[in-house]
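Could you open the model and follow along with me?

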Amino acid sequence: QLAPPLVPGFLAPPPPAPAQSPAPTQPPLPDAGVGELAPDLLLEGIAEDSIDSIIVAASEQDSEIMDANEQPQAKVTRSIVFVTGEAAPYAKSGGLGDVCGSLPIALAARGHRVMVVMPRYLNGSSDKNYAKALYTGKHIKIPCFGGSHEVTFFHEYRDNVDWVFVDHPSYHRPGSLYGDNFGAFGDNQFRYTLLCYAACEAPLILELGGYIYGQNCMFVVNDWHASLVPVLLAAKYRPYGVYRDSRSTLVIHNLAHQGVEPASTYPDLGLPPEWYGALEWVFPEWARRHALDKGEAVNFLKGAVVTADRIVTVSQGYSWEVTTAEGGQGLNELLSSRKSVLNGIVNGIDINDWNPTTDKCLPHHYSVDDLSGKAKCKAELQKELGLPVREDVPLIGFIGRLDYQKGIDLIKMAIPELMREDVQFVMLGSGDPIFEGWMRSTESSYKDKFRGWVGFSVPVSHRITAGCDILLMPSRFEPCGLNQLYAMQYGTVPVVHGTGGLR
C-alpha cells in the first residue's frame, strides 16, 4: 500500500516560523574551486547563448585563482541545500566526494547560507570522521518500503557550512559506501530513499545557528543518490503549498550510474501512483534477460532529469556528450529534450589542499617561479618506490580506479611496448581484481621500470602528482576529471583522451 502524503507536521513537529539568517560576519575564505558558477546565477534566467561568457574556464590561469581579498561576493544570497551520497573529508569514493566537500565552502564564502545533507556512514574505520558531529535531538519517521523508518540528524558547523548527517542503521556496516567485496549493497535504493526524504525535511525542522532554513531553498542534488529529491518536492510537497518557491538543480557527475531497480519496487518509494511515469524506465529488447522479461524498471536519475528545474553536468564537453547516443547511457533523448535548461560547468579544485607551495604531503615545495623542488620530489618518489633515482628518465603516473571507464585495458595493451623505452611508470589505484593482479605481475616483470600500488592513499596520490613528469588519463569517458586539474596545478603534463572534461 502507498504511504499517505508527506507534509510538514506528518514526519516531524511543526517547524518554527522561518527567520532570515544573519549575514556571516567571518571574513571570506579563499575560493575553493575554479570554474564554478554560483547557483544564484543558475536561477536568474541566464540566456543560453551567454553561458560561455559567464563560465570561468579551468585553463584561464589569471582568473581561476583569486586571493581572499579578491573573492567576489554573490549579488543575491540564497539558502542552498546540497544533497549527496558522499562529501570529503567525511566519506569519499571519488570526485563526487571532493566536489561536495569543497564547493559548499566556496559558496558559503560568497555569502550564501549552505547546508550539506549526507548519510552518517559508520564502518568501524572512518567513524572518527564524524566525531565533531553532534546529535540535534531531531528525529523523523519516514513512510516507505512498507513501514515507518526512523532517522535522526547529526550536525557539525565547519567552514561556514552546516554539515548535516542522516543516521540510520542501514548506513552502519563494513565495506565501502555503496558495497563490499560481494558487490553493491542490495538495499541501496532503500538507503538513498531515506536520504532524500530526510533532506527534504531538514530545512523545515532543523534549527541550525538558531534559525531554520525554511521553504525558500535551492536544492543541489548530486547524481542518482539524491535524485528522488526533485520528485518528492513536486509530488509530495508542492501540492500542499510547501516548497512552492524552492528550486532544484540536478548535477550529473557520472551518467553511467542511474539507480535503476525493478518496477515492482515503485510502491516502496511512498510516491503517489500517478507519478510512476516520472521514474518509469523500459529497457530495449536486446538488454532484457529473457523473452518474458518486459524490461520495466524505475530509474532515480531519470526522475530528477524530468522534474529538476536546471540540469548541470561537470564540464561543457560532457553536457554535449550526454545528449548523444554514444554518451547518453539511454537518457540522451530525454536530456536533449531539456537542452534549454542543460549546461556544463567545469569542476574546480581546492587550492588549499592542492597547492605545491604549501602541500603537507610533499617532501619539498615548489612554485611556478622555482621548479627546483619538483625535481627533488621526483627523486624522493623514485627512492620511495625503489626505482633507480634518475633525473633524465621520464616518470609517468596513473592515479584512479582500475576499471573499463579509465582505460586500464589500453594501458595494459601498451605496457609491453612502452617498457622497451627508457621510462618509469607508477600506477596507484584499486578496483577490478583482474587489473590488480596484472599490476602485481607487471611489477615483478619490470622491476626497474614499473610499480603498481594496489589500494589508495591520499598522501601518496599527492606525491605521485608532484613527482611525475607525465600523468596518464586514457579514459573512455570522463565527465570532468580532477586529476588532470591537479596535474596542471603541480606542473605535471596530463596526457588524456579528448573526452568530457579532459578535452
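1. Let's start with salt bridges: the structure holds 12 of them. The term here means a side-chain nitrogen of Lys or Arg within 4 Å of a carboxyl oxygen of Asp or Glu. The background is simple: side chains of opposite charge can pair when their charged atoms come close.

2. A quick word on what you're looking at. This is a predicted model, where local features need pLDDT of at least 70 and side-chain atom pairs count only at pLDDT 80 or more, while totals for chains, interfaces and linings use all residues. Residues are numbered from 1 along each chain as its sequence is written, and side-chain values use heavy atoms, with hydrogens and water left out.

3. Now find aspartate 187 and arginine 173, whose side chains form a salt bridge at 2.9 Å, N to O. Aspartate 187 sits in the loop between strand S7 (183-184) and helix H5 (188-205), and arginine 173 in the loop between strand S5 (161-167) and strand S6 (179-180), so this pair ties together parts that are 14 residues apart in sequence. (Helices, H or I of at least four residues, and strands, E of at least two, are DSSP runs numbered from the N terminus.)

4. For the cut-offs, buried means under 20% relative accessible area, exposed means over 50%, and partly exposed is in between (1.4 Å probe, protein chains only).

5. Next, have a look at arginine 390, which is partly exposed at 28% relative accessibility. One partner is aspartate 392, with the closest N and O atoms 3.3 Å apart; that aspartate counts as exposed, at 60%. Arginine 390 also meets aspartate 422 in a salt bridge of 2.7 Å, N to O. Here arginine 390 lies in the loop between helix H11 (372-385) and strand S15 (395-399), and aspartate 422 in the loop between helix H12 (408-418) and strand S16 (424-429), so the pair links parts 32 residues apart in sequence. Shared partners join Arg390, Asp392 and Asp422 into one network.

6. Last stop: phenylalanine 190, in helix H5. What does phenylalanine 190 contact, leaving aside neighbours within four places in sequence? You'll find Cys144, Phe145, His149, His168 and Ser170, with contact meaning heavy atoms within 4.5 Å. Phenylalanine 190 counts as buried, at 13% relative accessibility. Its C-alpha atom is 8.1 Å from that of leucine 269, a residue 79 places away along the chain.
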